[in-house]
Protein chains: 2
Amino acid sequence: MIIKLIISYDGTNYCGYQKQKNGVSVQEVLEQAIEKATGKIISTTASGRTDAGVHAEGQVVSFSYEGSIPPERFYLALNPLLPSDIRAVDSCIEKEDFNARKSAKKKTYSYSFYYSGVELPLKDRYALCLEKEPNLAKIKECAKLLEGEHDFKAFCATKSSVKSTTRTIYSIKIEEKTDGFSINVSGSGFLYNMVRIIAGTLLDVGYEKKTKEDILLALKDGKREHLSKTLPAKALTLKQVEY
Amino acid sequence: MIIKLIISYDGTNYCGYQKQKNGVSVQEVLEQAIEKATGKIISTTASGRTDAGVHAEGQVVSFSYEGSIPPERFYLALNPLLPSDIRAVDSCIEKEDFNARKSAKKKTYSYSFYYSGVELPLKDRYALCLEKEPNLAKIKECAKLLEGEHDFKAFCATKSSVKSTTRTIYSIKIEEKTDGFSINVSGSGFLYNMVRIIAGTLLDVGYEKKTKEDILLALKDGKREHLSKTLPAKALTLKQVEY
């Protein structure tokens, strides 16, 4: 049978979701726990990789399993075998053709900011410190330009090599909080560093360092240079994957 | 001159505020940074010690300093010399008789809970996971019993040895959040583990494992056995010290 597993993790101490030669990955630690729980070596597929330091509330993983653990209790069997910064939060049986990556319809990421003159240890693990409040109205206005299907070539790390750089952003919502805000981006899928480049560029729009025209130009000619720097990983969280 | 310094820290990796033989304390790391910034060995006084693993948003530290760093910029000089889990957030000059411990009039601690069937890595660092929502009305009712001046002998770790166990609690407020709540306790001062015992007992009141009568009895005869266990340090934060 095919099992769908939802996991949450604090990415601070991992080299990213996907297995790598250098550094401990979330996937490696998760697959070790699955092996301990089932006695079998099982390879898993996630909805997508998250970069080093990026967190997840609802990463989705699928794998094939034959054994005695009931699918809806599978997550409970894993938690005692996982470190405290990774938790399985739910599990269920899925159709035979379900694949966490290929079947994904919509992913939502959130990039968080807080306002403070100095970095605050109790906020800084999951959000980026901003000394002054940007113009959120301007950010909201420019976020609209990115919604829809576009060639996001300019919005990915230059070392990235993918066939198509066309993606669809369903929505970019600016969520205002008492002491900061977050940029919540939902889309069909994302290029390497895409959300962190979007967040960095929209932030600069809020500080009037970038304009509507820079964004329109980047969408048109695909040049990374029109956009702002990639913001740090620590403030980015994969919130949800929908199927 | 006397400098008042406000510091914030993530207590996870420290053996507590106060210097100890075994383990790294916040005080030790802070005093090392002050020494690097000033070139002088300066001993500091904090408003009070926080236990191993307890966090602070607004711990207050005072010390005597003669030198060229302006008092209102002292905190800025320290931050590049501190690890990222400790930050100085403000500083100013104080009267010659100011002492962060002796002059303190009111301290506020907050104990935080979140609701979830499993521990969530992105919340669990600073809050305690509760599988089900307790009866907050009962908690609020019993919190009122603890307000005022009382002998809190029953509300401290048995290994504690202090002259008087009488303290004044100015208020206990239950702050409801979308996915949990916190117990905010303000008082003249607190005994060893007092807030964590109050939080544990009030939580059990909410689950109907403890009653109003248990609390009244504990206040009357001073026996620790009427109360609940000391909750973990990680969900406790020293919010503010007032003078």
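## Salt bridges

A salt bridge here is a side-chain nitrogen of Lys or Arg within 4 Å of a carboxyl oxygen of Asp or Glu. One such pair joins the two chains: A:R87 and B:E119, whose closest N and O atoms are 3.7 Å apart. Over all chains, the whole structure holds 24 salt bridges.

## Basis of the values

This is a predicted model, in which local features need pLDDT of at least 70 and side-chain atom pairs count only at pLDDT 80 or more, while totals for chains, interfaces and linings use all residues. Residues are numbered from 1 along each chain as its sequence is written, chains are lettered from A and ligands numbered from 1 in the order in which they are written, and side-chain values use heavy atoms, with hydrogens and water left out.

## Pairs within chain A

A:R196 and A:D51 form a salt bridge, with 3.3 Å between the closest N and O atoms. A:R196 is in helix α4 (residues 194-206), whereas A:D51 is in the loop between β2 (45-46) and β3 (55-64), so that the pair links distant parts of the chain, 145 residues apart. Helices (H or I, at least four residues) and strands (E, at least two) are DSSP runs, numbered from the N terminus. A:R196 is buried at 13% relative accessibility, and A:D51 is buried at 17%. Buried means under 20% relative accessible area, exposed over 50%, and partly exposed in between (1.4 Å probe, protein chains only).

A second salt bridge is formed by A:K106 and A:E242, at 4.0 Å from N to O. A:K106 belongs to strand β5 (residues 106-115) and A:E242 to strand β10 (residues 236-242), so the pair ties together parts that are 136 residues apart in sequence. A:K106 is partly exposed at 27%, as is A:E242 at 29%.

A:E147 and A:K144 also meet in a salt bridge, 3.5 Å from N to O. A:E147 is partly exposed, with a relative accessible area of 22%, whereas A:K144 is exposed at 53%.

## Where chains A and B meet

Contact means heavy atoms within 4.5 Å; 23 residues of chain A are in contact with 23 residues of chain B. The two chains bury about 1500 Å² between them, 70% of it on carbon and sulfur atoms. Buried area is the accessible area (1.4 Å probe) that two parts lose on being put together, summed over both. A:V118, A:P121 and A:L122 supply 42% of the area that chain A buries against chain B, more than any other three residues.

Across this interface there are 2 salt bridges. On the side of chain A that touches chain B, β1 (2-9), β3, α2 (74-78) and β4 (86-94) each supply at least two residues. β4(A) gives the most, with 4 residues.
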